[in-house]
Structures are given as C-alpha cells and as structure tokens.
Amino acid sequence: MMRSVAFSAMGTSVTVVLQPDESATGARHLFDEVEQVCSRFLEHSELSRLNDSSASTMELSPLLADIFTAAQDLRSRTDRLVDPAVGELVSAWGYDRTFPGIVDLAAPPSIAEPNWEWRIDGTTLKKTPGARFDLGGIAKGWTADVAVERGLATIVNAGGDLRSNHSEAEVDIEDPWGDIVATIPLGRRGLATSSVTRRTWKVAGRDAHHLIDPRTGAPAQTPVLSATVVCDRAVMAEAGAKAILFHGEDGLAWADDQDWIDGALVIWNHASVYATGSLEAVAA
C-alpha cells in the first residue's frame with residue numbers, strides 16, 4: 001500500500017505519495033533546491049539577485065533557465081496572460097513578503113502602465129532593465145513535474161499543482177466553501193487549481209489577491225472563483241487555470257480551443273459549476 005508524506009516548501013504544503021519502500025528525501029531536496037534558486041523572498045536566491053539587477057542581459061543557472069524556458073512557453077500558450085514579469089506589480093499590491101506577513105494597504109498602488117519584455121535563449125535571459133519576476137506558481141508546478149519524472153514520488157501535490165504517475169489516481173475538486181463538487185480521474189497527468197478566494201488581503205477595504213492581470217496591472221476581476229485544468233504536466237495546468245481566471249466568463253471557451261488542455265472546470269461566484277465538454281469528471 002502506498003503512503004503519503006507532507007512537508008512545507010515554497011510557502012505551501014507539499015504532499016508526496018510514495019511506494020512503501022520509497023523515501024521522501026529526494027523530493028524534499030528537490031523542492032528545497034528550487035526554492036533556494038527561485039524564491040523572491042530569499043535575499044540570496046538567484047531570482048532575488050536577478051530582480052535586483054539593472055542589467056538587460058544575464059546568464060542563468062541551468063535550473064533557473066529551465067524554469068524560465070517553461071514560463072516562456074506558457075506565456076506564448078496563454079497569449080501573454082500568464083507572465084512571470086508581473087513581479088513588481090504583485091509586490092506593489094502588497095504581496096512583497098511571505099504570505100503570513102502581508103499587511104492590508106490603505107490605498108491601491110500608483111502603477112505605471114506595465115511595460116516589460118523578456119526572452120530566454122538557452123541560459124541567456126534578455127529583459128527590460130528593472131523587470132522583476134515572480135515564478136511562484138510556475139516553479140511549484142515545474143517541481144511537481146520533475147519530482148515525478150525523476151521517480152522521486154508517484155504523486156506530488158504542491159499547493160494544488162498536482163502531477164501523477166499512477167494510472168488510477170483520482171482527484172476530488174472542492175469549491176471555495178470546502179464541499180466536493182466533482183471527482184476527476186486523473187491517471188498519469190497533471191492538474192492544477194487556481195483561485196481568487198485564497199491568499200487574499202485588503203487594499204482600500206476591498207479584497208485583493210495575488211493573481212495580477214498583466215493587461216490592467218491589478219488583481220484580476222473575474223466572475224470565476226476557481227478554475228481547475230487537466231493537462232499532460234502540472235506546470236501547464238497551472239498556467240491554464242490562471243488564464244481561465246483572467247479570461248473570466250470566456251475562460252471555458254478559451255480552454256476548449258486549446259489542444260494542450262484535456263479539460264477544465266470552473267466555479268462561478270454564484271456557486272454554479274461548469275466544465276468543458278472534454279473533461280472526464282463525476283459530479284458529486
């Protein structure tokens with residue numbers, strides 16, 4: 001019988017499912033290694049040094065370059081809606097420290113129109129000087145994928161970014177109120193859920209969240225409370241779920257047009273549940 005081990009990493013809870021004779025040590029070390037490189041809250045991390053640099057061209061470590069390469073691909077797949085270059089905006093809206101330390105803001109930030117460009121080629125990153133990056137979601141999904149692909153675990157769930165190598169894996173989808181609304185037969189694929197109801201705080205007395213819409217420079221305004229996507233890989237599902245939230249009422253139609261998305265499910269602000277026709281799911 002398989003067993004599960006939970007630990008904290010990257011500001012979230014990580015659960016790994018293992019064969020009885022396997023150890024979670026390898027997966028723990030991988031998450032720690034990626035966090036040490038990709039955290040924007042650790043002063044010594046490679047990402048913090050990159051964010052603090054005014055250079056327009058930088059050479060990255062192979063690990064950070066791999067994650068930026070994945071981010072570049074997903075930015076293209078989502079028509080630039082999911083872009084890690086929103087780092088400065090995320091901080092300006094108050095998410096400038098680990099989540100437990102966030103304080104409410106009395107007023108929204110004054111933000112110039114977003115203007116950043118970046119491109120990764122091999123290990124060379126070219127960027128608009130001053131561009132700052134937030135790799136949080138992308139890095140979590142990427143690490144869950146790599147942990148499973150390296151055989152460090154059978155299933156990894158990093159704060160809702162889930163990758164499975166178990167043919168009979170199923171995932172219960174909860175609504176924002178904790179009720180199960182559907183069960184998805186995942187099998188050997190990736191799944192991710194993004195929500196505007198988690199990691200919230202107040203700005204000018206109104207709820208704010210960490211999903212910054214690059215078109216407006218502000219937390220996404222959307223009727224969709226949460227979106228779940230099934231793809232080949234967790235990092236792709238993570239980007240797909242965010243893109244659906246940014247597309248709002250047109251999110252499922254957008255997902256239906258993406259041949260890299262196997263299926264998607266959303267929960268609207270009036271608690272209704274909708275899904276693409278391609279999603280295999282059992283309603284609760």
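**Reading the helix packing**

Guide: Let us start with helix H5: its buried residues pack against strand S2 (12–18), H1, helix H3 (62–77), strand S6 (155–158), strand S7 (161–164) and H6. Contact means heavy atoms within 4.5 Å, and buried means under 20% relative accessible area, exposed over 50%, partly exposed in between (1.4 Å probe, protein chains only). Helices (H or I, at least four residues) and strands (E, at least two) are DSSP runs, numbered from the N terminus. This is a predicted model, where local features need pLDDT of at least 70, side-chain atom pairs count only at pLDDT 80 or more, and totals for chains, interfaces and linings use all residues. Residues are numbered from 1 along each chain as its sequence is written, and side-chain values use heavy atoms, with hydrogens and water left out.

Visitor: How many residues of H5 are buried?

Guide: 12 of its 14 are, so H5 is largely enclosed by the rest of the structure. Among them are Lys140, Trp142 and Asp145.

Visitor: What span should the 14 residues of H5 have?

Guide: The expected span of a helix is 1.5 Å times one less than its number of residues. For H5 that gives 20 Å, and its end C-alpha atoms are 20 Å apart, which agrees. After H5 comes glycine 151, with a positive phi near 75°.

Visitor: At what angle do H1 and H5 pack?

Guide: Axes are lines fitted to C-alpha atoms, for helices over the stretch in contact, and angles run from 0 to 180 degrees between N-to-C directions. H1 (residues 25–38) and H5 (residues 136–149) pack at about 150°, their axes 10 Å apart. That makes H1 roughly antiparallel to H5 (over 145 degrees).

Visitor: Which residues of H1 meet H5?

Guide: Leu30, Phe31, Val34 and Cys38 do, and their partners in H5 include Trp142 and Val146.

Visitor: Is glutamate 33 buried, partly exposed or exposed?

Guide: Glutamate 33 lies in H1 and counts as partly exposed, because its relative accessibility is 41%. Its C-alpha atom is 9.3 Å from that of leucine 63, 30 residues apart along the chain.

Visitor: And how many residues of H6 are buried?

Guide: H6 (residues 234–247) is mostly covered, with 13 of its 14 residues buried. Just after H6, glycine 248 has a positive phi of about 65°.

Terms used: Parallel < 35°, antiparallel > 145°, perpendicular 65-115°, else oblique.
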